[in-house]
Amino acid sequence: MKKMGTKKGVQRRRTLTSLHPDAAGLDVGATFHVVAVPPGRAERSVRSFRSFTTELHALADWLTEVGIKTVAMESTGVYWIPVYEILEARGFEVLLVNARDVKHVPGRKTDVNDAQWLQQLHEHGLLRGSFRPREQVVQLRVYLRHRERLIEYAASHIQHMQKALMQMNVQLHHVVTDITGVTGMRIVRAIVVGERDPRVLASYRDVRCKASLETIEEGLKGNYRPEHVFALRQALELYDFHHRKVAECDAEVERVMHALNAGRVAPTRPLPKVRHASGRHEPAFDARGALYTLLGADLSQIHGFGPYTVLRLIAECGDDMRKWPTAKHFTSWLCLATGNKISGGRLLSSRTRRSSNRAATLLRIAAVSIGRTQTALGAFYRRLAARTGKAKAVTATARKLAVLFYNALRHGLAYEDPGVGYYEERYRQRAVRNLERRARQLGYTLVTPEAATGGVS
């Protein structure tokens, strides 16, 4: 029975077309990697290599010896990054595969079976690789993701400062909007260096602060115990430390942007007027100008997109939209398009797929902010939120932003906001046309109020 099963398996495999005869499969692990090549290429078609750098180079040497040109591997944690980069530098075509697409391995689950299954699927062209931008964009992505982590670390120390102030019963975070603003940081730094007089501390109030001097002075009367002041001092030092690291990260991001713009000529048209005010965590260099040179257009003119948002979107999606044939392919990759789960000719579900795509997260955040604006997109968000709920409205608006982003980069289309009035009028006309069509189907004639009253008000 086993021989018959094996023979059938061989026959089944022979019926498939071999699109990549020089393909290998790589099962990635934390301490070792298992690689499988087509049978007959080597005495042992499956070998294991440890994850040390010398072993990874030995793996690349062996693949070269047996005539391998392309390698498929799963995107397992961060363990795939070193072997991916080494194989790519050695000239191999490396296909990074989502583990979700290859998790159904026939038979028993082992590292050897995984590697062989990847090799077979890749040989017959049954795998699709994950998107990975060009090298310099990958560098930009790494720097910006690290920068976001530093900002998160700094934010946690803001909470530590608030806790220390609360333990001293200093109500600073209740009388000012943000303790990391101008007024708040002046007062916190004065407390750390030894100032305790509420009147003196309140004098550090910025003229733009909404709270009055009397209110701030009353909120600064606290119990300044030394252990709580010590905790406040350490939290402030850690907050400053992480922001210094953010500044260092900005210098590296600026260097990468200069490398991306090397050889590019800036557009002759001057930069349009700034549409969005600078955010709190904007880079410390002229990101808007660098992006204008790189993209040939100012994408921060799109409502909801500031320069930092555009920079992060470029880091996640790249600056070349030709990877996706149409905007529909792009929104599907972002998991912002509706899915089609059909069985027996019946639609079972059209929900969007779950995803941890960072670009999709940025677009959703932009969609929430745009819902508060008096724009066509803002009106679309509010109408949809009232009808289907905010969650679906965010997804639908994020998809529209993704299409605008794609068309601006791929086709050079400029964004012009038609305004709330234009959108509402189009929506009203569409609703009237739908009512007229339904009335005709039922055998009725739709009459407008003006026609019914003969035009007399």
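Colleague: In the lining of the second largest pocket, how many residues are nonpolar?

Modeller: The model is a predicted one. Sorted by class, the lining of the second largest pocket has four polar and eight charged residues. The nonpolar count is 19.

Colleague: Which residues lie nearest the centre of that second largest pocket?

Modeller: The second largest pocket has a volume of about 790 Å³. Its lining comprises 31 residues. Nearest the centre are Leu404, Ala414, Tyr415, Glu416 and Asp417.

Colleague: Which element gives the most to the lining of the second largest pocket?

Modeller: Start from the elements that give two or more residues to the lining of the second largest pocket: α15 (376-388), α16 (390-410) and α17 (420-442). The top contribution is six residues. Those six come from α16.

Colleague: Turn to the largest pocket. How much space lies in it, and which residues are closest to its centre?

Modeller: The space in the largest pocket is about 1600 Å³. There are 38 residues along its lining. Closest to the centre are Asn98, Ser130, Phe131, Trp333 and Asn357.

Colleague: How many residues does α5 give to the lining of the largest pocket?

Modeller: Elements that supply at least two lining residues are α3 (80-89), β5 (93-97), α5 (135-167) and α13 (327-333). Helix α5 gives the most. Its share of the lining of the largest pocket is six residues.

Colleague: And by class, how many charged residues has the lining of the largest pocket?

Modeller: Nonpolar residues number 13 in the lining of the largest pocket. Polar residues number eleven. The charged residues come to 14.

Colleague: Which element gives the most to the lining of the largest cavity?

Modeller: The cavity lining is made up of Arg288, Leu291, Leu295, Ala297, Asp298, Leu299, Ser300, Pro307 and Val310. Two elements give two or more residues to it: α11 (287-295) and α12 (307-317). By class, the lining has six nonpolar, one polar and two charged residues. The most, three residues, comes from α11.

Colleague: Are the faces of β1 covered or open?

Modeller: Side chains in a regular strand alternate between the two faces of the sheet, so each face can be checked in turn. On one side of β1, Ala23, Gly25 and Asp27 are buried. On the other, Ala24 and Leu26 are buried. Both faces of β1 are covered.

Colleague: β1 pairs with β4. In which sense, parallel or antiparallel?

Modeller: β4 spans residues 70-74 and meets β1 over four bridges. Ala23 stands opposite Thr70 of β4. The pairing of β1 and β4 is parallel.

Colleague: On the β2 side, what is the bridge partner of Gly25?

Modeller: β1 and β2 (residues 32-36) run antiparallel, joined by three bridges. A hairpin of four residues links β1 to β2. Within β2, the partner of Gly25 is Ala36.

Colleague: What span does helix α4 reach from its first C-alpha to its last?

Modeller: α4 covers residues 111-123, which is 13 residues. At 1.5 Å a residue, the expected span is 18 Å. The value in the model is close to that, at 18 Å.

Colleague: Which residue with positive phi follows α4?

Modeller: Among the buried residues of α4 are Leu121, His122 and Glu123. The residue that follows α4 has a phi near 70 degrees. That residue is Gly125.

Technical notes: Residues are numbered from 1 along each chain as its sequence is written. This is a predicted model: local features need pLDDT of at least 70, side-chain atom pairs count only at pLDDT 80 or more; totals for chains, interfaces and linings use all residues. Side-chain values use heavy atoms; hydrogens and water are left out. On a 1 Å grid over the protein atoms alone, a cavity is a set of points where a 1.4 Å probe fits but cannot get out, and a pocket is an open set with protein on both sides within 12 Å along at least five of seven lines; lining residues have an atom within 4 Å of a point. Grid points are joined across faces, edges and corners, and a volume is the space filled by probe spheres set on the points. Ala, Val, Leu, Ile, Met, Phe, Trp, Tyr, Cys and Pro count as nonpolar, Asp, Glu, Lys and Arg as charged, and the others, Gly among them, as polar. Buried means under 20% relative accessible area, exposed over 50%, partly exposed in between (1.4 Å probe, protein chains only). Two strands pair if DSSP finds at least two bridges between them. The expected span of a helix is 1.5 Å times one less than its number of residues.
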